[in-house]
Amino acid sequence: MASPPNVTVQTVRTILSEVIDSLESPDYASKLDEAKEAAGNEMLKMMQLVFPMVVQIEMETIKRHGFAGSREGIVQFTQLVREMESMDNEVARLHSQIRSHYLPPVSISSTVDTSL
């Protein structure tokens, strides 16, 4: 499972931007909205309905950049992104933007009582 040669931070930024453009395109935006509406506030349904659509778009995009258009390719690309997130704020921002399509925002309250 070798990665494509010369995968730079800029290449990863480009791929992530293309994924976002696809997610927000008229072709996919309405389908994603329908899936999100069907999932409601249920995380399991979100992962069953919305997440696979996002992964499919990612797979189509990474394939154009030399990654395998398969499960192995998406795993490899995601690992690469995770490594680069700590080194590049723009990669982290773009990846977060993609995740926001299938993960709801999480607010952590500072008034949570953790006593037992």
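Visitor: Is Leu49 buried, partly exposed or exposed, and what is its relative accessible area?
Guide: First, a word on the model. It is predicted, so local features need pLDDT of at least 70 and side-chain atom pairs count only at pLDDT 80 or more, while totals for chains, interfaces and linings use all residues. Residues are numbered from 1 along each chain as its sequence is written, and side-chain values use heavy atoms, with hydrogens and water left out. Now the idea: buried means under 20% relative accessible area, exposed means over 50%, and partly exposed is in between (1.4 Å probe, protein chains only). Leu49 has 36%, so it is partly exposed.

Visitor: Which helix holds Leu49?
Guide: Leu49 sits in helix H3. Helices (H or I, at least four residues) and strands (E, at least two) are DSSP runs, numbered from the N terminus. This chain has six helices and zero strands.

Visitor: How do I read the packing of H1 and H4?
Guide: Two packed helices are described by the angle between their axes and the distance between the axes. Axes are lines fitted to C-alpha atoms, for helices over the stretch in contact, and angles run from 0 to 180 degrees between N-to-C directions. Here H1 (residues 9–23) and H4 (residues 51–63) pack at about 130°, with axes 9 Å apart. H1 and H4 are therefore oblique to each other; angles under 35 degrees count as roughly parallel, over 145 as roughly antiparallel, 65 to 115 as roughly perpendicular and the rest as oblique.

Visitor: How many salt bridges does a search of the whole structure find?
Guide: A salt bridge is a side-chain nitrogen of Lys or Arg within 4 Å of a carboxyl oxygen of Asp or Glu. The search finds six. One of them joins Arg64 and Glu18, with the closest N and O atoms 3.5 Å apart. That pair links distant parts of the chain, 46 residues apart: Arg64 is in the loop between H4 and H5, and Glu18 is in helix H1. Arg64 is exposed at 56%, whereas Glu18 is partly exposed at 23%.

Visitor: What about Arg82 and Glu85, where do they lie?
Guide: Both are in helix H5, three residues apart, about one turn of the helix. Glu85 counts as buried, at 12% relative accessibility. Arg82, Glu85 and Arg99 are linked in a network of salt bridges.
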